[in-house]
Amino acid sequence: MSDATLSFEEAMEKYDPVLGFEVHVELNTKSKMFSSAPNIFGDEPNTNVNEVDLGMPGVLPVVNKTAIESSIKIGLALNCKIAETCRFARKNYFYPDTPKNFQTSQYDEPIAYDGYLDIELSDGTIFRVEIERAHMEEDAGKLTHMGGATGRIQGADYSLVDYNRSGVPLVEIVTKPIEGAGSRAPELAKAYVAAVREIVKNLGVSDAKMERGNVRCDANVSLRPHGRERFGIRSETKNVNSLRAVEHAVRYEIQRHAAVLDSGEPIVQETRHWHEDTRTTTSGRPKSDADDYRYFPEPDLVPIVASREWVEELRATLPEPPAARRKRLQADWGYSDLEFRDVVNAGVMDEIEETIAAGATATVARKWWMGEIVGRAKNADVDPGQLGVAPATIVELNKMVEDGKINNKMATEVLDGVLAGEGTPAEIVAKRGLAVVSDDGPLLEAIDAALAAQPGVADKIRGGKLQAIGAIVGSVMKATRGQADAGRVKELILERLGVEG
Amino acid sequence: MTENNELIRSSAAALAGKLAAREVSAVEVTQAHLDRIAAVDGKVHAFLHVNTDEALAVAAEVDAIRAAGGAAAGELHALAGVPIAVKDLIVTIGQPTTAGSKILEGWHSPYDATVVERLRAAKMPILGKTNLDEFAMGSSTEHSAYGPTHNPWDLDRIPGGSGGGSAAAVAAFEAPLALGTDTGGSIRQPGAVTGTVGVKPTYGGVSRYGAIAMASSLDQIGPVSRTVLDSALLHQVIGGHDPRDSTSLQDPLEDLVAAASIGNVAGMKIGIIKELHGEGYQAGVENRFNESLELLRGAGAEIVEVSCPNFKYALGAYYLIMPSEASSNLAKFDGVRYGLRVLPKDGPMTIERVMGATRAAGFGDEVKRRIILGTYALSAGYYDAYYGSAQKVRTLIQRDFDAAFAKADVLISPTAPTTAFKLGEKLNDPLAMYLNDVATIPANMAGVPGLSLPGGLADEDGLPVGVQLLAPARQDARLYRVGAVLESLLEAQWGGPLLDKAPSLTDPSLTGSALSDAAASSHGGSH
């Protein structure tokens, strides 16, 4: 089952990778691409459907105008040209997730074409990815194969089909072959998908949640010996659904291709399935360029005409481009270049922005995301945004610290409790009995005991050696099992000894 | 019996007048037609389903509203209470819709076609669903999975197709009005061979939502009736923009009833299409066509000749575009979600094999023939040569029409090259069957409207001949204007409607075979 691989370094020594990506973006329109049924994720199966989505006899599609607008916005944000007129086509194939047994998709007339995206790598290098096209299509229904060992259709006893997703508007963004990335290929892959996700999120045209399949990536990888112009045979790893997985999948495929080529075997042109658990791919179905979908122009729809005025109107509504946005955010937040790049590379820029919007300062937001959450996400092997920390949680934790209810050490403990699903910060504080001792009575008792136990230290402090106070504070903290506010303890000690702070 | 006879032989316009004047009730009118169906449909087989209860309920509702008077009565549509039959390609809540196919046997639509919604809004009782060639594929109604419809003029002959059921129902006085669909002539050719009127509106003039698609770029729903005015009345009920059909025109509907009432054609230019008569057309068809030309000339129209040289490619191009679209439109009938499901007799039970077994058992030969043709024409490597070339021909046909309409206000031709042929005669010769539509197909290829009206009986067989009028896109009104004038001139000559000459279907001395023998004795044998 598991394929031979070469080490990444050896693969890079021998071969030059060429990449290509097809990123599917689910639009967050109210209704579907061609019907008035609601476009809502995760409801009871087969409830968000009408006769059009079920492919009933006699039905006709009607194009969702908002979906067209969203598609044009995506095209503009990817620096594409927008077609003045374009059409949908029918892609004919028999499969029960497609109720009409054809998918209505753009084929040779995409709404957006010939664009590019400049991708910033971790060291600040800019890499330009050329965009071939961004076209509109409808999503298929969701099949669940029951009874088989693999969850695949082969060997299943029966399959369930949910047409809620059928007809959800998609934009498919296709790159031109990406050459010259070399050993940065896996990093570029992740950065490219992250950039597309950032764009569609900022445009507000997609919920952009990869874990929900709002943004899905098919990654094409081929290798060729250094110096050769002709591309090698490619594999297409389907539905890679997190940024980390994109990086890993590209890396794995490079290593696998290298081993196959080294053995003198040809690469099989096929789709590959990504397995998050083993971080490997397995063979899917053969994919030849000659698959015959009998495309022809969709006769039930009239051509889409995008007047230049309309396109310019939409261009005027575009949010600032990502590079400008980064510049602005860095200035607003007052981060150093290094601090900001670390934030971007850790993939928490959006999260920090949301946390600040929820009421935290830039310093506090960075402290929590970079200091606490990124590390935990790494251990859990997920993207930081997917760990389950809501901006409001951070704001709440920080407020508790600022109010002196808990200290920083307790706050991290509470964060772990939140991640373990124990409840809200307030609930966890109550449940675990975590509270800074703020009543001076018990503190004074502990202070008096500590001063009595260490009279020499007390004298030093009285004599003006204020740095000696640490020993007393330490004793008090120990005595109160860390629940005291260290600042307050310091104040009380000085008061007790009649020393000016 | 005589009163019923009067009701069933009345035009829709006349019935509307009697209903409005409360000379007759909608229940009486509807019941008269249901009685007629019971009496003759055993022989004609125009209906696949009779909708007795609902039709009478709607009629009773109309009567109640009229009886109550007031605003609600005043707001009733002119055709309220006038019954209608619906081709079984058009989906209806509450009645089965089969498309003439086994694959949809027993299927009930969860929604109404837009045209059906409009019939319901006008409170027209729906008598039932009429027979058709399976998925509207055919010119004789013999390809129905539920048996052929018989021509009321001669029960051994075809009623045309695919809308033979709607045309025969109207010709046999089982309904004053019907809905048809026309992809290559399926409204007009049955009209021609049954002595009735049928109109294919401008493409986009009537919503296709709820008409089971054969070829999306060619299909149109249209009226079937016994008079030109009745078609205009029905066209106004069903026509106009529908947001659920993207190809539906935005234009407000013209006043077609007014056009049918203009009553003169003086000064109009009427163009004879050189390529659509003469060789290949039955002598009796040609004679009746020439008589119509003389009548129009006599009424002050200027008859000119136009040439449409690319029409000779229309049939070939049609038989690439239509099956290509049909092969895709019919892919949804796979047994997964609705309709027939057939499991393979042996071997593994995979979804592909269930789909295959279902489609093998559910579709008839003509449907399979067209799916195979279309699948082939769209295949990689053949697309440009077949589908691509056919689309170019389509453009050339549109240009021919543009040039012709620069010279003439309307064009005229025989609707079909022959009168009704015998059941079974062309069943095993698909090409001969396809040639029936040679004169009607160009209108679908260009999206222009066409109307067929009775032109008389052919000398050699005594069977009805159709005259076709064609107008530029969105100029459907011209068809009604010219059609109504020609109809009145012809009826003056005949001394009444052509259908007065049709045999009685209730005379016990006349059986189907007796009718056909009588017709055969004068048959000219010119097919």
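## A salt bridge between two domains

Let's start with one pair of side chains: Arg325(A) makes a salt bridge with Glu198(A), and their closest N and O atoms sit 2.9 Å apart. A salt bridge here is a side-chain nitrogen of Lys or Arg within 4 Å of a carboxyl oxygen of Asp or Glu. Between domain 1 of chain A and domain 2 of chain A, the count is seven salt bridges.

This is a predicted model, where local features need pLDDT of at least 70 and side-chain atom pairs count only at pLDDT 80 or more, while totals for chains, interfaces and linings use all residues. Residues are numbered from 1 along each chain as its sequence is written, chains are lettered from A and ligands numbered from 1 in the order in which they are written, and side-chain values use heavy atoms, with hydrogens and water left out.

The contact (heavy atoms within 4.5 Å) takes 15 residues from domain 1 of chain A and 13 residues from domain 2 of chain A.

How much area is buried between domain 1 of chain A and domain 2 of chain A? About 1,200 Å², with carbon and sulfur atoms giving 32% of it. Buried area is the accessible area (1.4 Å probe) that two parts lose on being put together, summed over both. On the domain 1 side, Ser122(A), Glu198(A) and Arg244(A) lose the most area to domain 2 of chain A, together 41% of what that side buries.

## Where chains A and B meet

Now for the two chains: 32 residues of chain A are in contact with 38 residues of chain B. The area buried between chain A and chain B is about 2,700 Å², and carbon and sulfur atoms give 60% of that. In chain A, the residues losing the most area to chain B are Pro57(A), Leu60(A) and Phe94(A), together 22% of what that side buries.

As for the kinds of residues, the side of chain A that touches chain B has 22 nonpolar, four polar and six charged. In this sorting, Ala, Val, Leu, Ile, Met, Phe, Trp, Tyr, Cys and Pro count as nonpolar, Asp, Glu, Lys and Arg as charged, and the others, Gly among them, as polar.
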